[in-house]
Amino acid sequence: MKRMPTPVEMGSITDRAFTIIWSDGHRSQYTWRNLRAGCPCARCKGEWNYRPVSLRAEEFPADLRAVRLDRVGAYALRFTWMDGHDTGIYPFPLLRHELCECGDAAHARSTE
Amino acid sequence: MAGTRDGVTREQVLAALADVIDPELHKSIVELDMVKDVAVTDGVVRVDALLTIGACPLRETIVDSIRAKIGGIRGVTGVTVNLGVMSAEQRQTLVGRLRGDGTPQRPSSFLGPESATRVIAVASGKGGVGKSTVTVNLAAALARAGSQVGVLDADVYGFSIPRMLGVHGRPTMIDQMLIPLEVAGIRVISIGFLLPSEEEAVIWRGPLLHKTLTTFINEVHWGPDLDYLLIDLPPGTGDVSITIAQTLPQSHMLLVTTPQLAASQVARRAARMAEKVNMEVVGIIENMAYFLPAVGAEPVYVFGRGGGAVLARELEVPLLGEIPLDQSVREGGDEGRPVVISHPDSAAAAAFRKAAERLRDVVPMQARHA
């Protein structure tokens, strides 16, 4: 069975940009606003017959930060944002392949 | 309280008491601070001990055990045991000690990544394939092979573990900590123990289910020496499975299926879930694999053949066992004595033992740091 990449090292929520070093060796960088806009929860991304307008990073204050970071099981991270929003569970594949801002994450996925 | 002319010393008595294990908490009563005072007068030993609760169901066991250990010391001519009950404060200290195994902050012994307990969630996808039967028999086989085993009945709506293991009663509660019941060397917790009666139905929404399970994980004293915790999941990939995946990151999944496609295809979905929550599927057990009409007869493949093997190949995980359809398996379950215990010579029991052995190979017991 194929296993997903997992973080071997993570930056702190006090850092200017969030970083994850993955078990496959890749180093991902994230801006806090993009992470927030990428929230996968039903309220932000919608579900069934609820289709909200997509969030854009610019909608959030430039100094937006997570105030808390938790691991969820063996597969995801949960951020609690300054405004209290905390319903997003970010699975590792989403962070590694979709939200990574290094530019070649998509490429990394296609060659897997 | 020093040594007497018979040479029996307080130290000797305390050393002997260190071997008296609390039958519920699985720790020495000395270590648990349950021994209040020891006095030796002319070879007669008096022990003052404190029980956790007044109505401790196992008080006789403790008294007998104390008498036996001290009676074994040379020069002891009599033993008196006085039992008291811990104060709320003393109990609190004890709970702190149990929780963290020394450090009060650590919630449960197997939640941390450093825990030596291997957690195995038994899942199926489809219902009725024999998850609970497989769980109790694997547990019994592992226990017989010398492992410390716990069974967490996570099938809250359709719990059947109490019946299958023949264990009934109410777990002792020590300040918010549940002490699992024990049968055949297996520690067991089930919602069935907490309901007014086992006939009661559980009609709950998801959040209550989640709360119950996290209680079973966090607030049950499984014991620091537990080697394997088997979790009997309900069928499907719902609330319970998600809670387990989120609360026990180190747990493995064992898939149970029957040979027919209707079962193995649904089992594949459980595997798909395992993949999504990054849980390792450690193997497949094919239950009701075949029927032996008579000893030495050709097997009859009632539900088709090889569904488990196909699934195992597809998922690239080992097929840990093919359990024959056998009346003794059903009888064992209904009578509360798993076939591994009730009919150890049957083909089904042998198949379960073999599967447990393979499971121990794929998920070996971990060395403990003392």
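A residue counts as buried if 20 or more other C-beta atoms lie within 10 Å of its own, as exposed if 12 or fewer do, and as partly exposed in between, with C-beta atoms placed from the backbone. A nonpolar core is a set of buried Ala, Val, Leu, Ile, Met, Phe, Trp, Tyr and Cys residues joined through C-beta atoms within 7 Å. What you see is a predicted model, where local features need pLDDT of at least 70 and side-chain atom pairs count only at pLDDT 80 or more, while totals for chains, interfaces and linings use all residues. Residues are numbered from 1 along each chain as its sequence is written, and chains are lettered from A and ligands numbered from 1 in the order in which they are written.

**View 1. Here is the largest nonpolar core, with its 98 residues.** Look for V122(B), L138(B), A139(B), L230(B), I231(B), L255(B) and F352(B), which have the most contacts inside this core. Helix α4 of chain B, residues 131-144, gives the most to it: eight residues. (Helices, H or I of at least four residues, and strands, E of at least two, are DSSP runs numbered from the N terminus.)

**View 2. Now we zoom in on F352(B) and the residues it touches.** Leaving out residues up to four places away in sequence, F352(B) touches N137(B), L138(B), A141(B), I323(B), V339(B) and V340(B). Contact here is C-beta atoms, placed from the backbone, within 7 Å. Another core lies apart from the largest one; this one has 25 residues, including V20(B), I29(B), A49(B) and L50(B).

**View 3. Three strands of chain B make an open sheet, in the order β1-β2-β3.** Its pairing is mixed, where strands pair if DSSP finds at least two bridges between them. At the edges sit β1 (35-41) and β3 (78-85) of chain B, each pairing on one side only. Strand β2(B), residues 44-51, runs parallel to β3(B) over eight bridges. In that pairing, L50(B) stands opposite G84(B) of β3(B).

**View 4. Two helices of chain B lie across strands: α1 across β1 and β2, and α2 across β2 and β3.** Helix α1(B), residues 10-17, runs at about 135° to β1(B). For α2(B), residues 59-71, the angle to β3(B) is about 145°. Axes are lines fitted to C-alpha atoms, for helices over the stretch in contact, and angles run from 0 to 180 degrees between N-to-C directions.
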